[in-house]
Amino acid sequence: MIYHILIHLCVFPCLLISLNTVLLAESEPSQPTKVINCTYICWDETPNEELFFRMGDMYLSMEFMRGKRSNPISVARMDTFQVYRKKNGSEDEAPFYELVGETLVPKNAKELLFLIIPPDEQEEKYHVFALDDSVEVFGRKTFRFVNLTKQAISLEFANNTQDIYPDADAVIPTKVDKSGGFIPCIMRNPESKIIFGTRLFCQPNSREMVLIRTSMRENKNKPRVKFFSQFVPGADLAEDK
């Protein structure tokens, strides 16, 4: 995962914050906070094993919630977010923690969402991503598309067409009114062949995340797609009046 760049507002694609990525500085850099507020979510809703994240010398259990984000937690800022599983040692050894995935933590983000993607067959480690989860970046009436495949995807949505590269995302605002509305969504592969098409419903008081993952079937173009919605309260409700 790939090249750290700062997540831009609106229609510009943003590379995911991942272990091998490089974070570009903001035009007006701010002092990093000592505490970050974070949530996490798993592709499989809940993992099939207990996972832990490391905080200094402590290993804290990750309490996932089925079909939605975990409850928010505040943690001391770290350079790397590391995910572990607990393993039993031999008869003469104490249990120990095995690293199964990690990602860099962006220095300027105050609110983060960690995506935990379990390994497919023939993979050993989890894929872990860090996304700027602030409402300034990912606000109400907005869709975030995350490309977890190995090919670029051309996305047609909300009167915009843009390419989302592997291990990157695109945050796209909509113009729905108080009643919400359906918005056509088409995804194409690099050969311009449609691999996914539907109409997505957008609510005025929520934000929607769309995760796109390679099909588990060999030679199958249609990706796996999952949707996560979150209600976003706020004073800016007045803008819809």
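The model is predicted, with a mean pLDDT of 85 and 84% of the residues at 70 or more. Of the 241 residues, 44% count as buried. Contacts between residues 24 or more positions apart make up 58% of those with a separation of 6 or more.

Strand β11 (residues 153-157) has the highest mean pLDDT among the elements, at 98, while strand β1 (residues 13-15) has the lowest, at 43. Over residues 1-28, pLDDT stays under 50, although the model does show 89 contacts beyond four places in sequence for this stretch. Where pLDDT is low, the predicted coordinates should not be read in detail.

Strand β16 (residues 206-213) is worth a look of its own. Eight of its eight residues are buried, so the strand is largely enclosed by the rest of the structure. In a regular strand, side chains alternate between the two faces of the sheet. Here both faces are covered: one carries Ser206, Glu208, Val210 and Ile212, the other Arg207, Met209, Leu211 and Arg213, and all are buried.

As for its partners, β16 runs parallel to strand β10 (residues 142-147), with six bridges joining the two; in this pairing Asn147 sits opposite Ile212. Strand β17 (residues 224-231) runs antiparallel to β16 and is joined to it by eight bridges. Phe231 of β17 is the bridge partner of Ser206.

Conventions
Residues are numbered from 1 along each chain as its sequence is written. This is a predicted model: local features need pLDDT of at least 70, side-chain atom pairs count only at pLDDT 80 or more; totals for chains, interfaces and linings use all residues. Side-chain values use heavy atoms; hydrogens and water are left out. Buried means under 20% relative accessible area, exposed over 50%, partly exposed in between (1.4 Å probe, protein chains only). Contact means heavy atoms within 4.5 Å. pLDDT is the predictor's confidence in each residue, from 0 to 100. Helices (H or I, at least four residues) and strands (E, at least two) are DSSP runs, numbered from the N terminus. Two strands pair if DSSP finds at least two bridges between them.
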